[in-house]
Amino acid sequence: MDENVWLETLNKEQRQAVTWRAAPLLVLAGPGSGKTRIIINRIRWLVQARAAAPESILAVTFTNRAAEEMRERLFGALGERAEQVWIHTFHAAAMRILRKHGERIGVPPDFIILDEDEQRLEIARQLRLLDLSRENYRVGEIIGRISQMKSHLQNPAQETEDADPAVTEVIRAYEAWLRAHRTLDFDDLIRYAVHLLRQDEAVRTTYHAQLQHILVDEYQDINAAQYEFLTLLAPPASSITAVADDDQTIYGWRGSAPAFLDRFIQRYEPAIIKLPYSYRCPPSILYGAQHLIARESKSDERQRFMQSKAADQADTPIHHYIFENIQQEQQWLVTLIRKLVEERGFHPGDIAILYRTHRLAGPAEQSLLAAGFKVQRVRPKSFFDRYQVKEIVRYLQMARALTERDFTGILNYPVHQVDELTMVQLRRLAEVQGVNLVELVRNVDDFSEISPLTRFHLRRMLSLAENHLPDLESPADEAIQTVFKHLDALRSPWRGPERNALSHQQDSTRASALTDALLAIMQAGRPLVVLHDAGLDSRIAAFLFHSVLDVYLGVESVMAESGGFNRADAPDRAALLFFGESSQIADETGVLTPPQSASSSISQSVWAWRLAQQLLMRYENLAEGRFIVYDIETTGAHLRRDEMVEIAALAYEKREPAEAPFRTLIRPARGFIPKAAVRVHGIHYEDVADAPSIAQVLPDFLDYIGYDTLVGHNIARFDNRFIDKACGEHLNGRGFYPLFVDTLRLARRLLPEQRRYTLEHLSQTLGLHKGPIRHRALDDLRVTADLFYLLTDYLLAEKEQEALAEYLPLVGIGLLANDGPASPGRTLLLDAAARMMLARNGHALLDDLLDALPASMQLPALELIRQLEARQLAANDEDAQWEEIKTLFGQHVAAFKKYSPDHSLRAFLDYQALLTNMDAFAHEAKADAITMMTLHNAKGVEYPVVIILGVEQENLPIWRSLKDRSKLNEERRVLYVGLTRAKNAVYLFSTHDRGDGFYREPSQFAFEIPARYIRHIRIDARGEVKEIKPGRRKHKQ
């Protein structure tokens, strides 16, 4: 049988493109014409018919999703030989080249890729190190300049006439940091690959010899750097195939333009093959879409008009609905989808809702969910951008390098162990010592001011990071399983509502007097003898307390059974602590015992655990330190436009005011205070007309706060930024970078059940104040101080609940040995102990306990351990969400293993660093859910039914394109892309009033589609439906 019989499945033009000789070729292929099919089959033809080596072929795509699909389909055609074909995105191909040859231009082979969030943090850090105002030198603008210059293959650190010298200094510091930390940002990948290929003839020659056939999918999307990268890999007359649809050039802001097709034609003088048929879109949709963009001028070589071959699809016109308001639109949306599913036989997964910007999606998503539909929405951030997932990836990234940022991140994941006050303390210590946080932790025992709980956690996490995480060459799936095993052990033993029950349990086992006595013994340096009776529960209690003293406090204690203990053998000045039946020590005086020790209602091991927790909490006293609480009042909330009119600050020590407050009114430069601001704080311009200016006030304020830790409500996003702006304007660009605690952020983390987080709402809800608050700076800061100290009590409660979780299996064994009556508290602790057993947290302690027990008790203890391991735990939402994250991670790893021949953790980290939100979505998509995504995200996908929202002036076309012809043309192409995703039907929704304060006309684009392909239907305010006939409506231009 002829192995090339598959060629007969192609139409004439497709077959011509696939079998064209190994020479420059441009295939102009519209939507549904088989672009990817051309690439795959041309690779197949090169390998099978022209004996090309698979490793000599490079296929370049723009998304990992496309590359994964291409490799999967190529496997069906070539089998295992497909694994040897280079199938990469531009950035992945550049990365592969740099990993192998980058050292020749100073790029280390093990470089790390900086993601967008990390890049923002690093630019902000450089601004802080240079003491430059973040409000005068905006992080986003600096990143924009870096990206623009790198995408044009320029050095962003080079001085230019239009660059602020301070910005250039920031960029230079950022670039130096990248080099010092063996890191590249996203834009560096292609820039350095181009630099390497330009500069090193040997490398360039190597790739000319190796990559003899280059095929580019979606060529119309390339920018200048990508074009240069291709030209360096493919000299004129080489075998390069570009598949493009210039009508889908919609990434102008990234530098793509139809002109790059003309440059390709000029450079390579390729054969040009136009694919004339669309097998996706019915005639009305295809022809209507093509007429929409027909007015755009093109070179002769790029002119074409496709024919619909979607013969099996019923041809229905595009439906354009015009609504009065958002409520009307959402009602029709739900009704339409219900009819599509119930009456026309479509499945929810057949339907896509598209829109120009994400802000249009929220109401539609909520309406569909409320109507009972499943919805999957492609959000701006991908799976790997989720907070939890980013923290998990930090654990994996530490196989490359133990960076301060990654280490700081893992300290509080999956449990918040280093609270906000402690983090301020650690940062201040690191600043004073002139070291980063990792170096500080390596020497943590040198700092007695760090509490025992914090010191233990820091040592444990450093040991985990340095000694127990997988290395880069580990198989990715095994590496991720290892990390999840450690994360399971680090998770909190408590779930959801259990935390409230735990609070009551802790209150019932509060032993303040005994804890104070034990603390006094520790501080006096007195020896401690921990006694127990002969029972297993008491032995466990003594072992537990003895272990905590040793591990957390470095205190050596003596453990002994009371029956054979002679007080005369105790060390001098020794204190005695006893766990067990009080009758065992009836004749002893001065022996410390837990309250109610004669009662069996509370296990001795529970008392030991609770006493140890309470003792450790006595060392947590950061809230007793010095803080400056401050507040400002302004003319409004707009940072760039508004000004301060009052500022107040007050120093607190040991929870009380420590000195006279700083307070002053400020005269705004604008010369007035808006009425809306006056209604908030009651300050009129007449009150501040003779007040000093901010330039006069600022030095005194900065002198008052000094280097103390600041406290304020919403100061991270408001007060600090106004002060920073003022410093930048009046102190030669200087920035404002205090160490601070924001009570708004703290409340959001500690009190997630609150509906609102305004200062007034929180103070009333938490019982701090009654009635309205007078919003003057000094009044607000006093309320903020009360809130702050209340929240520090919540911090202590949080820390106490999570303390000594690894000892819970011991507590569980003690409870089972005690065989007490069933109670909610007993169930709570046994469940928590069983979770720790499942996660193998505390197993080493159990082994040590068994070694310490008499031989006669070891078998009974082992039986209790087995009982605890076999304990059935109820399902809960937290565990379900955790398992979902594990499952999704597994799906992404499975997709990675299909895509990459290298299955190592090193390769996976590269892979996930380049994933887009659509790449990640492709691994998670559900067949029974309606899909929602932006029109730009919709490139490369197809659905039977497409609904496009926001087809209005200023939304589509977007407002910033209305006065720019080239941008307006690109907006037409955006709508063209949306229309041509549809295999059966398209519905356009235009809404006059979206509830955002604007009244918009329907998009001019909807009326540029010829009337024979579209129906315009208006639904008026009364709900009456009326079709707009051709010529009846004139669009306002």
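Reader: In which loop does Tyr737 lie?
Author: This is a predicted model, in which local features need pLDDT of at least 70, side-chain atom pairs count only at pLDDT 80 or more, and totals for chains, interfaces and linings use all residues. Residues are numbered from 1 along each chain as its sequence is written, and side-chain values use heavy atoms, with hydrogens and water left out. Helices (H or I, at least four residues) and strands (E, at least two) are DSSP runs, numbered from the N terminus. On that numbering, Tyr737 lies in the loop between α28 and β23.

Reader: Is Tyr737 buried, exposed or partly exposed?
Author: Buried means under 20% relative accessible area, exposed means over 50%, and partly exposed is in between (1.4 Å probe, protein chains only). Tyr737 has a relative accessible area of 23%. Therefore Tyr737 counts as partly exposed.

Reader: Which residues does Tyr737 contact, leaving aside neighbours within four places in sequence?
Author: Contact means heavy atoms within 4.5 Å. Tyr737 and Leu127 are 610 residues apart in sequence, yet their C-alpha atoms are 9.6 Å apart in space. Leu127 is one of the contacts. The list for Tyr737 is Ala124, Leu127, Arg128, Asp131, Leu132, Ser133 and Arg134.

Reader: Asn732 is not a glycine, so what is its phi?
Author: Asn732 lies in the loop between α28 (715-730) and β23 (740-742). Asn732 is exposed, with a relative accessible area of 80%. Its phi is positive, at about 60°.

Reader: Is Leu804 buried or exposed?
Author: Leu804 has a positive phi of about 60° although it is not a glycine. Its place is the loop between α31 (777-802) and α32 (808-818). Because its relative accessibility is 1%, Leu804 counts as buried.

Reader: How far apart in space are Ala623 and Met559, C-alpha to C-alpha?
Author: Ala623 lies in the loop between α24 (604-617) and β18 (626-634). In sequence, Ala623 and Met559 are 64 residues apart. From C-alpha to C-alpha, the distance in space is 35 Å.

Reader: Which residues does Ala623 touch, not counting residues up to four places away in sequence?
Author: Ala623 is buried, at 8% relative accessibility. Beyond those sequence neighbours, Ala623 touches Leu421, Arg655, Tyr789 and Thr792.

Reader: What is in contact with Asp1020, leaving aside its neighbours within four places in sequence?
Author: Asp1020 sits in the loop between β27 (1014-1019) and β28 (1025-1028). At a relative accessible area of 18%, Asp1020 is buried. Its contacts are Glu324 and Gln328.

Reader: At roughly what angle do the axes of α3 and α36 cross?
Author: Two packed helices are described by the angle between their axes and the distance between the axes. Axes are lines fitted to C-alpha atoms, for helices over the stretch in contact, and angles run from 0 to 180 degrees between N-to-C directions. The axes of α3 (residues 64-78) and α36 (residues 877-899) come within 9 Å. They cross at roughly 60°.

Reader: What does that make α3 relative to α36?
Author: Angles under 35 degrees count as roughly parallel, over 145 as roughly antiparallel, 65 to 115 as roughly perpendicular and the rest as oblique. The crossing of roughly 60° makes α3, relative to α36, oblique.

Reader: Does α3 pass α36 in a left-handed or right-handed crossing?
Author: A crossing is left-handed if the near helix is turned anticlockwise from the far one by less than a right angle, and right-handed if clockwise. The crossing of α3 past α36 is left-handed.

Reader: Which residues of α3 and α36 make the contact?
Author: By class, this contact has four nonpolar, one polar and four charged residues. Nonpolar covers Ala, Val, Leu, Ile, Met, Phe, Trp, Tyr, Cys and Pro; charged covers Asp, Glu, Lys and Arg; the others, Gly among them, are polar. From α3 come Asn64, Ala67, Glu68, Arg71, Glu72 and Phe75, and from α36 come Ala895, Lys898 and Tyr899.

Reader: Which residues of α19 and α20 meet?
Author: The axes of α19 (residues 452-468) and α20 (residues 476-490) come within 12 Å and cross at roughly 165°, so the two helices are roughly antiparallel. The crossing is right-handed. In α19, the residues are Arg460, Met461, Leu464 and His468; in α20, they are Thr482, His486 and Leu490.

Reader: Which residue does a cis peptide bond join to Tyr413?
Author: The omega of this bond is about 10°.
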